[in-house]
Amino acid sequence: MDGEEVRQAHGPRDGSQRDGASRREVVNWILGLGAGGVAAAVFYPIVRYIVPPEEAQSAANSVALSVKPEDVKSNSGQIFKFGNKPAILIRTPTGDLRAFTAVCTHLGCIVEYRADLSQIWCPCHNGHYNLQGINVSGPPPKPLTEYVVNVQGDRIVVSRGQAG
Ligand code: FES
């Protein structure tokens with residue numbers, strides 16, 4: 001048997017071997033694609049869980065409140081959301097509207113308005129702030145951050161920035 005006879009006994013080499021190779025490549029490509037899809041399906045939720053979402057709202061510089069100015073009673077306070085943090089809007093006994101962060105400067109509890117004292121009060125450790133947001137008694141180490149309050153028609157708009 002010479003070389004030509006061996007080649008003929010195993011059939012033609014060119015066409016069918018190339019077809020087999022290209023079929024194998026296609027199958028490998030499809031398997032690779034499937035494996036990639038499985039990996040993405042497994043790891044994407046894990047990565048989304050581990051990586052915290054961007055806090056776009058925390059960068060908000062102003063918020064229009066849903067309450068109308070005339071509906072905010074004298075000597076009262078109410079919590080609202082400023083970005084993703086709580087804030088407190090108060091109307092002083094003399095009628096001024098003021099807003100502060102509602103996060104206590106001691107350990108981060110949410111403050112509330114005490115009409116009986118006309119003060120902002122933290123229930124966690126009995127911290128007191130006056131109507132300028134200044135810590136006046138209890139453990140809070142520093143004043144509340146004050147926001148700017150503007151009345152625009154029947155809207156109350158609270159903004160970051162220097163109040164005064
Ligand atoms: S957290 Fe407000 S007084 Fe302690």
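**Close-up views of a predicted model**

View 1. Trp 121 is partly exposed, because 19 other C-beta atoms lie within 10 Å, whereas a buried residue has 20 or more. The model shown here and in the views below is a predicted one. Trp 121 belongs to strand β6. When residues up to four places away in sequence are left out, Trp 121 touches Val 111, Glu 112, Arg 114 and His 128. With Val 111, Trp 121 has a C-alpha to C-alpha distance of 5.5 Å, and the two are 10 residues apart in sequence.

**View 2. The open sheet of four strands.** Strands β5, β6, β7 and β8 form an open sheet in the order β5-β6-β7-β8, with antiparallel pairing. At its edges are β5 (112-114) and β8 (135-137), each of which pairs on one side only. From one strand to the next, the twist averages 40°.

**View 3. The pairing of β6 with β7.** Strand β6 comprises residues 119-122 and strand β7 comprises residues 127-129; three bridges link them in the antiparallel sense. Cys 122 has Gly 127, in β7, as its bridge partner.

**View 4. The open sheet of six strands.** The strand order in this open sheet is β1-β10-β9-β4-β3-β2, and the pairing is antiparallel. Strands β1 (62-65) and β2 (76-82) stand at the edges; each has a single partner strand, so one side of each is left without a neighbour in the sheet. The twist from one strand to the next averages 30°.

**View 5. The pairing of β1 with β10.** Strands β1 and β10 run antiparallel and are joined by four bridges. Opposite Leu 65 stands Ile 156, in β10.

**View 6. The largest nonpolar core.** The largest nonpolar core has 20 residues, and those touching the most other members are Ala 87, Ile 88, Ala 99, Phe 100, Val 111, Ile 120 and Val 158. At least two core residues are supplied by each of β3 (85-91), β4 (97-101), β6, β9 (146-152) and β10 (155-159). Strand β3 gives the largest share of this core, four residues.

**View 7. The contacts of Ala 99.** Ala 99 is one of the core residues that touch the most other members. Residues up to four places away in sequence being excluded, Ala 99 touches Ala 87, Ile 88, Leu 89, Tyr 147, Val 149 and Val 158.

Methods
Residues are numbered from 1 along each chain as its sequence is written. This is a predicted model: local features need pLDDT of at least 70, side-chain atom pairs count only at pLDDT 80 or more; totals for chains, interfaces and linings use all residues. Two strands pair if DSSP finds at least two bridges between them. Axes are lines fitted to C-alpha atoms, for helices over the stretch in contact, and angles run from 0 to 180 degrees between N-to-C directions. A nonpolar core is a set of buried Ala, Val, Leu, Ile, Met, Phe, Trp, Tyr and Cys residues joined through C-beta atoms within 7 Å. A residue is buried if 20 or more other C-beta atoms lie within 10 Å of its own, exposed if 12 or fewer, and partly exposed in between; C-beta atoms are placed from the backbone. Two residues are in contact if their C-beta atoms, placed from the backbone, lie within 7 Å.
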